[in-house]
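Student: Could we go through some of the labels attached to this structure, setting each value against the rule behind it?

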Amino acid sequence: MSATLIKGKPIAERIRAEVAEHVKEIGHIGLVTVLVGDDPASDVYIRLKHKAAVEAGIEATDLRLPAEISEAELLARVAELDADEQVDAILVQLPLPDHIDEARIIRALEPAKDVDGFHPFNAGQLYLGRRTLVPATPLGVMVMLREHKLELDGARAVVIGRSDIVGKPMAHLLMQANATVTIWHSHTKDLPRHTLDADVLVAAVGVPAMVSADMVKTGGVVIDVGINRTEAGLVGDVDPGAAEVAAYLSPVPGGVGPMTIACLLQNAVVCARYRRGELAYPA
Ligand code: NAP
(Lines give C-alpha, C1' and ligand atoms only; values in the text may rest on other atoms or scores of the structure.)
Protein backbone atom coordinates (compact mmCIF):
# COMPACT_ATOMS: atom_id res chain seq x y z
CA MET A 1 0.00 0.00 0.00
CA SER A 2 1.19 3.53 -0.62
CA ALA A 3 -0.73 6.29 1.07
CA THR A 4 -2.49 9.09 -0.76
CA LEU A 5 -0.56 12.22 0.10
CA ILE A 6 -2.61 15.01 1.65
CA LYS A 7 -0.77 17.93 0.13
CA GLY A 8 -1.36 21.28 1.77
CA LYS A 9 0.05 23.47 -0.96
CA PRO A 10 -2.78 23.31 -3.52
CA ILE A 11 -5.44 23.75 -0.83
CA ALA A 12 -3.49 26.64 0.68
CA GLU A 13 -3.17 28.32 -2.72
CA ARG A 14 -6.92 28.16 -3.17
CA ILE A 15 -7.56 29.59 0.30
CA ARG A 16 -5.10 32.41 -0.34
CA ALA A 17 -6.85 33.26 -3.61
CA GLU A 18 -10.17 33.30 -1.72
CA VAL A 19 -8.66 35.58 0.91
CA ALA A 20 -7.54 37.98 -1.86
CA GLU A 21 -11.17 38.11 -3.06
CA HIS A 22 -12.38 38.85 0.47
CA VAL A 23 -9.83 41.63 0.83
CA LYS A 24 -11.12 43.25 -2.39
CA GLU A 25 -14.68 42.98 -1.12
CA ILE A 26 -13.86 44.40 2.34
CA GLY A 27 -11.58 47.09 0.94
CA HIS A 28 -8.87 47.07 3.59
CA ILE A 29 -7.54 44.59 6.10
CA GLY A 30 -4.77 45.73 8.42
CA LEU A 31 -2.53 43.09 10.00
CA VAL A 32 0.30 43.97 12.37
CA THR A 33 2.88 41.39 13.34
CA VAL A 34 5.04 42.05 16.38
CA LEU A 35 8.47 40.46 16.58
CA VAL A 36 10.50 41.07 19.73
CA GLY A 37 14.22 40.37 19.36
CA ASP A 38 15.95 38.72 16.45
CA ASP A 39 15.38 34.99 16.79
CA PRO A 40 16.28 33.64 13.31
CA ALA A 41 13.48 31.04 13.16
CA SER A 42 10.87 33.65 14.17
CA ASP A 43 12.29 36.00 11.54
CA VAL A 44 11.75 33.35 8.85
CA TYR A 45 8.16 32.71 10.01
CA ILE A 46 7.36 36.43 10.06
CA ARG A 47 8.78 36.93 6.56
CA LEU A 48 6.69 34.05 5.19
CA LYS A 49 3.54 35.41 6.81
CA HIS A 50 4.18 38.90 5.46
CA LYS A 51 4.87 37.72 1.94
CA ALA A 52 1.62 35.75 1.93
CA ALA A 53 -0.37 38.61 3.48
CA VAL A 54 0.92 41.18 1.00
CA GLU A 55 0.24 38.83 -1.93
CA ALA A 56 -3.36 38.57 -0.75
CA GLY A 57 -3.68 42.37 -0.63
CA ILE A 58 -3.61 42.62 3.17
CA GLU A 59 -1.89 45.71 4.51
CA ALA A 60 0.73 44.07 6.69
CA THR A 61 2.95 45.99 9.09
CA ASP A 62 6.10 44.32 10.36
CA LEU A 63 6.69 45.81 13.81
CA ARG A 64 10.15 44.90 15.12
CA LEU A 65 11.00 45.65 18.73
CA PRO A 66 14.31 45.23 20.56
CA ALA A 67 14.85 42.15 22.73
CA GLU A 68 15.47 44.44 25.72
CA ILE A 69 12.00 46.03 25.58
CA SER A 70 10.35 45.89 28.99
CA GLU A 71 7.08 44.08 29.57
CA ALA A 72 5.39 47.41 30.41
CA GLU A 73 6.58 48.96 27.14
CA LEU A 74 5.39 45.98 25.15
CA LEU A 75 2.01 46.09 26.89
CA ALA A 76 1.78 49.79 25.94
CA ARG A 77 2.51 48.97 22.26
CA VAL A 78 -0.14 46.24 22.29
CA ALA A 79 -2.65 48.69 23.82
CA GLU A 80 -1.93 51.14 20.98
CA LEU A 81 -2.55 48.44 18.38
CA ASP A 82 -5.75 47.36 20.17
CA ALA A 83 -7.04 50.93 19.92
CA ASP A 84 -5.87 51.58 16.34
CA GLU A 85 -8.86 51.66 13.96
CA GLN A 86 -6.63 50.76 11.01
CA VAL A 87 -5.55 47.52 12.66
CA ASP A 88 -7.90 44.55 12.26
CA ALA A 89 -5.58 41.76 13.28
CA ILE A 90 -2.57 41.49 15.60
CA LEU A 91 -0.05 38.69 15.78
CA VAL A 92 2.61 38.57 18.49
CA GLN A 93 5.26 36.13 17.37
CA LEU A 94 6.20 33.61 20.07
CA PRO A 95 8.43 32.88 21.86
CA LEU A 96 8.99 36.21 23.59
CA PRO A 97 12.21 36.90 25.54
CA ASP A 98 12.36 35.26 28.97
CA HIS A 99 11.85 38.48 30.95
CA ILE A 100 8.41 38.97 29.37
CA ASP A 101 5.35 37.07 30.58
CA GLU A 102 3.91 35.69 27.33
CA ALA A 103 0.53 34.90 28.84
CA ARG A 104 0.20 38.49 30.05
CA ILE A 105 0.95 39.89 26.60
CA ILE A 106 -1.53 37.54 24.90
CA ARG A 107 -4.18 38.47 27.50
CA ALA A 108 -3.63 42.13 26.62
CA LEU A 109 -4.66 41.59 22.99
CA GLU A 110 -8.12 42.68 21.97
CA PRO A 111 -9.72 39.21 21.53
CA ALA A 112 -11.45 40.16 18.26
CA LYS A 113 -8.04 41.12 16.80
CA ASP A 114 -6.31 37.98 18.08
CA VAL A 115 -5.58 36.49 14.65
CA ASP A 116 -3.69 33.54 16.18
CA GLY A 117 -6.62 32.56 18.40
CA PHE A 118 -4.35 32.33 21.46
CA HIS A 119 -6.23 34.75 23.77
CA PRO A 120 -7.87 32.93 26.72
CA PHE A 121 -11.29 34.18 25.60
CA ASN A 122 -10.86 32.60 22.18
CA ALA A 123 -9.32 29.46 23.68
CA GLY A 124 -12.30 29.30 26.07
CA GLN A 125 -14.77 29.66 23.24
CA LEU A 126 -13.10 26.75 21.48
CA TYR A 127 -13.21 24.71 24.70
CA LEU A 128 -16.94 25.42 24.90
CA GLY A 129 -17.44 24.45 21.27
CA ARG A 130 -18.53 27.94 20.22
CA ARG A 131 -17.57 30.02 17.19
CA THR A 132 -14.26 31.78 17.65
CA LEU A 133 -10.83 32.57 16.22
CA VAL A 134 -9.02 29.22 16.15
CA PRO A 135 -5.22 28.71 15.95
CA ALA A 136 -4.24 28.42 12.30
CA THR A 137 -2.34 25.13 12.38
CA PRO A 138 -5.12 22.90 13.75
CA LEU A 139 -7.61 24.83 11.63
CA GLY A 140 -5.50 23.94 8.59
CA VAL A 141 -5.45 20.27 9.57
CA MET A 142 -9.27 20.23 9.75
CA VAL A 143 -9.47 21.76 6.28
CA MET A 144 -7.10 19.10 4.93
CA LEU A 145 -9.19 16.29 6.44
CA ARG A 146 -12.42 17.76 5.08
CA GLU A 147 -10.90 18.33 1.64
CA HIS A 148 -10.28 14.59 1.35
CA LYS A 149 -13.75 13.85 2.79
CA LEU A 150 -12.24 11.75 5.57
CA GLU A 151 -14.83 10.54 8.04
CA LEU A 152 -14.39 12.03 11.50
CA ASP A 153 -17.80 11.31 12.99
CA GLY A 154 -17.27 8.31 15.24
CA ALA A 155 -13.60 7.99 14.24
CA ARG A 156 -10.95 7.20 16.84
CA ALA A 157 -8.46 10.06 16.79
CA VAL A 158 -5.12 10.30 18.59
CA VAL A 159 -3.35 13.65 18.92
CA ILE A 160 0.30 13.43 19.94
CA GLY A 161 1.21 16.67 21.72
CA ARG A 162 -0.78 18.92 24.03
CA SER A 163 0.61 22.39 23.35
CA ASP A 164 -1.72 25.38 23.53
CA ILE A 165 -1.08 26.24 19.88
CA VAL A 166 -1.43 22.83 18.23
CA GLY A 167 -2.26 19.76 20.34
CA LYS A 168 -5.03 21.10 22.59
CA PRO A 169 -6.97 23.07 19.94
CA MET A 170 -6.53 20.13 17.55
CA ALA A 171 -8.11 17.76 20.06
CA HIS A 172 -11.04 20.15 20.59
CA LEU A 173 -11.68 20.54 16.87
CA LEU A 174 -11.63 16.77 16.35
CA MET A 175 -14.01 16.31 19.29
CA GLN A 176 -16.33 18.95 17.83
CA ALA A 177 -16.31 16.89 14.63
CA ASN A 178 -17.53 13.95 16.76
CA ALA A 179 -14.30 11.98 16.79
CA THR A 180 -13.35 10.13 19.97
CA VAL A 181 -10.09 11.77 20.93
CA THR A 182 -7.09 10.57 22.92
CA ILE A 183 -4.34 13.06 23.69
CA TRP A 184 -0.86 11.72 23.99
CA HIS A 185 2.03 13.56 25.67
CA SER A 186 5.44 12.98 27.18
CA HIS A 187 4.01 11.10 30.20
CA THR A 188 1.86 8.71 28.18
CA LYS A 189 2.72 5.04 28.63
CA ASP A 190 2.44 2.33 26.01
CA LEU A 191 1.97 4.60 23.04
CA PRO A 192 1.48 2.04 20.25
CA ARG A 193 -1.55 0.67 22.11
CA HIS A 194 -3.22 4.04 21.42
CA THR A 195 -1.80 4.84 18.01
CA LEU A 196 -2.43 1.42 16.41
CA ASP A 197 -6.10 1.97 17.08
CA ALA A 198 -6.19 5.46 15.58
CA ASP A 199 -8.32 6.02 12.48
CA VAL A 200 -6.83 9.52 12.52
CA LEU A 201 -3.41 10.19 14.00
CA VAL A 202 -2.11 13.76 14.32
CA ALA A 203 1.52 14.12 15.36
CA ALA A 204 2.56 17.50 16.79
CA VAL A 205 5.55 16.67 18.93
CA GLY A 206 8.74 18.13 17.53
CA VAL A 207 10.71 14.86 17.56
CA PRO A 208 11.97 13.76 14.15
CA ALA A 209 10.32 10.58 12.84
CA MET A 210 9.13 9.51 16.31
CA VAL A 211 6.02 7.92 14.80
CA SER A 212 7.31 4.83 13.04
CA ALA A 213 5.39 2.80 10.47
CA ASP A 214 4.73 0.04 13.01
CA MET A 215 2.83 2.51 15.22
CA VAL A 216 0.33 3.36 12.48
CA LYS A 217 -2.99 1.64 11.89
CA THR A 218 -3.23 -0.07 8.52
CA GLY A 219 -5.48 2.09 6.35
CA GLY A 220 -5.43 4.96 8.84
CA VAL A 221 -5.04 8.69 8.27
CA VAL A 222 -1.83 10.32 9.48
CA ILE A 223 -1.28 14.06 9.70
CA ASP A 224 2.27 15.15 10.38
CA VAL A 225 2.41 18.63 11.93
CA GLY A 226 6.07 18.37 12.96
CA ILE A 227 8.69 20.61 11.42
CA ASN A 228 12.16 19.57 12.52
CA ARG A 229 15.38 20.95 11.13
CA THR A 230 17.93 18.14 10.84
CA GLU A 231 21.15 17.59 8.91
CA ALA A 232 19.00 15.78 6.35
CA GLY A 233 16.84 18.90 5.96
CA LEU A 234 13.26 19.50 7.13
CA VAL A 235 11.61 16.38 8.48
CA GLY A 236 8.34 15.71 10.24
CA ASP A 237 7.40 13.76 13.36
CA VAL A 238 6.33 10.79 11.25
CA ASP A 239 8.69 8.38 9.52
CA PRO A 240 7.91 8.60 5.78
CA GLY A 241 7.80 4.77 5.84
CA ALA A 242 4.32 5.19 7.39
CA ALA A 243 3.15 5.76 3.81
CA GLU A 244 3.37 1.99 3.30
CA VAL A 245 0.81 1.39 6.07
CA ALA A 246 -1.50 4.41 6.17
CA ALA A 247 -4.17 5.18 3.58
CA TYR A 248 -3.54 8.93 3.82
CA LEU A 249 -0.46 10.83 4.94
CA SER A 250 0.42 14.53 4.93
CA PRO A 251 4.00 15.09 3.73
CA VAL A 252 6.68 17.27 5.31
CA PRO A 253 7.43 19.69 3.78
CA GLY A 254 4.38 20.66 1.72
CA GLY A 255 1.71 19.39 4.09
CA VAL A 256 0.46 21.30 7.13
CA GLY A 257 3.02 24.13 6.84
CA PRO A 258 1.42 25.96 3.88
CA MET A 259 -2.02 25.48 5.48
CA THR A 260 -0.97 27.31 8.63
CA ILE A 261 -0.17 30.48 6.71
CA ALA A 262 -3.31 30.27 4.54
CA CYS A 263 -5.54 29.78 7.59
CA LEU A 264 -3.84 32.65 9.38
CA LEU A 265 -4.83 34.93 6.49
CA GLN A 266 -8.33 33.48 6.63
CA ASN A 267 -8.42 34.42 10.31
CA ALA A 268 -7.39 37.99 9.40
CA VAL A 269 -10.48 38.15 7.18
CA VAL A 270 -12.60 36.94 10.11
CA CYS A 271 -11.06 39.63 12.37
CA ALA A 272 -11.88 42.29 9.77
CA ARG A 273 -15.46 41.07 9.50
CA TYR A 274 -15.84 41.06 13.29
CA ARG A 275 -14.64 44.64 13.44
CA ARG A 276 -17.02 45.74 10.71
CA GLY A 277 -19.96 44.00 12.38
CA GLU A 278 -20.39 41.66 9.41
CA LEU A 279 -19.83 38.75 11.76
CA ALA A 280 -21.05 38.93 15.33
CA TYR A 281 -18.14 38.61 17.73
CA PRO A 282 -19.33 36.80 20.85
CA ALA A 283 -19.33 39.32 23.70
P1 NAP B 1 5.63 21.96 21.91
O2 NAP B 1 4.98 23.17 22.49
O3 NAP B 1 7.06 21.69 22.17
O4 NAP B 1 4.77 20.70 22.36
C5 NAP B 1 5.20 19.42 22.08
C6 NAP B 1 4.25 18.42 22.71
O7 NAP B 1 4.75 17.12 22.41
C8 NAP B 1 4.13 18.54 24.22
O9 NAP B 1 2.79 18.41 24.59
C10 NAP B 1 4.97 17.37 24.76
O11 NAP B 1 4.46 16.78 25.92
C12 NAP B 1 4.85 16.37 23.63
N13 NAP B 1 6.03 15.52 23.56
C14 NAP B 1 7.33 15.91 23.47
N15 NAP B 1 8.13 14.84 23.42
C16 NAP B 1 7.33 13.77 23.51
C17 NAP B 1 7.55 12.38 23.52
N18 NAP B 1 8.77 11.84 23.41
N19 NAP B 1 6.49 11.58 23.61
C20 NAP B 1 5.26 12.08 23.68
N21 NAP B 1 4.96 13.38 23.66
C22 NAP B 1 5.99 14.21 23.58
O23 NAP B 1 5.50 21.94 20.32
P24 NAP B 1 4.37 22.57 19.35
O25 NAP B 1 4.52 24.02 19.29
O26 NAP B 1 3.05 21.96 19.65
O27 NAP B 1 4.90 21.98 17.96
C28 NAP B 1 4.99 20.59 17.72
C29 NAP B 1 5.64 20.36 16.38
O30 NAP B 1 4.83 20.96 15.39
C31 NAP B 1 7.02 21.01 16.22
O32 NAP B 1 7.81 20.23 15.35
C33 NAP B 1 6.72 22.33 15.55
O34 NAP B 1 7.80 22.83 14.79
C35 NAP B 1 5.59 21.90 14.65
N36 NAP B 1 4.69 22.99 14.25
C37 NAP B 1 4.38 23.04 12.94
C38 NAP B 1 3.52 23.99 12.49
C39 NAP B 1 3.17 24.02 11.04
O40 NAP B 1 2.73 25.02 10.55
N41 NAP B 1 3.33 22.88 10.34
C42 NAP B 1 2.97 24.93 13.38
C43 NAP B 1 3.27 24.84 14.74
C44 NAP B 1 4.14 23.85 15.16
P45 NAP B 1 4.41 17.51 27.35
O46 NAP B 1 3.24 18.46 27.26
O47 NAP B 1 4.20 16.41 28.32
O48 NAP B 1 5.72 18.23 27.50
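Student: Which helix gives the most to the nonpolar patch, and how many residues does that helix give?

Tutor: Helix 2 (residues 40-55) gives the most, with three residues. Keep in mind that this is a predicted model, in which local features need pLDDT of at least 70 and side-chain atom pairs count only at pLDDT 80 or more, while totals for chains, interfaces and linings use all residues. Residues are numbered from 1 along each chain as its sequence is written, and side-chain values use heavy atoms, with hydrogens and water left out.

Student: What makes the nonpolar surface patch?

Tutor: Val44, Tyr45, Leu48, Ile227 and Leu234 make a patch of about 390 Å². The rule for patches takes residues with over 30% relative accessible area and no salt bridge, and joins nonpolar side chains (Val, Leu, Ile, Met, Phe, Trp, Tyr) within 5 Å and like charges within 9 Å. Leucine 234, in strand 10 (residues 233-235), has a relative accessible area of 36%, and therefore passes the limit of over 30%.

Student: Why is asparagine 122 called buried?

Tutor: Buried means under 20% relative accessible area, exposed over 50%, and partly exposed in between, with a 1.4 Å probe and protein chains only. Asparagine 122, in helix 5, has 0% relative accessibility, so the residue counts as buried.

Student: What makes the pair of aspartate 114 and asparagine 122 a polar contact?

Tutor: The two side chains lie at 2.8 Å, and a polar contact is a pair of N or O atoms within 3.5 Å, where within protein one must be able to donate a hydrogen and the other to accept it, and residues adjacent in sequence count only if both atoms are side-chain atoms. The side chain of aspartate 114 also reaches the backbone nitrogen of histidine 119 at 2.7 Å.

Technical notes. Accessible areas come from the Shrake-Rupley method with a 1.4 Å probe; for residues, only the protein chains shown count as cover. A salt bridge is a side-chain nitrogen of Lys or Arg within 4 Å of a carboxyl oxygen of Asp or Glu. Helices (H or I, at least four residues) and strands (E, at least two) are DSSP runs, numbered from the N terminus.
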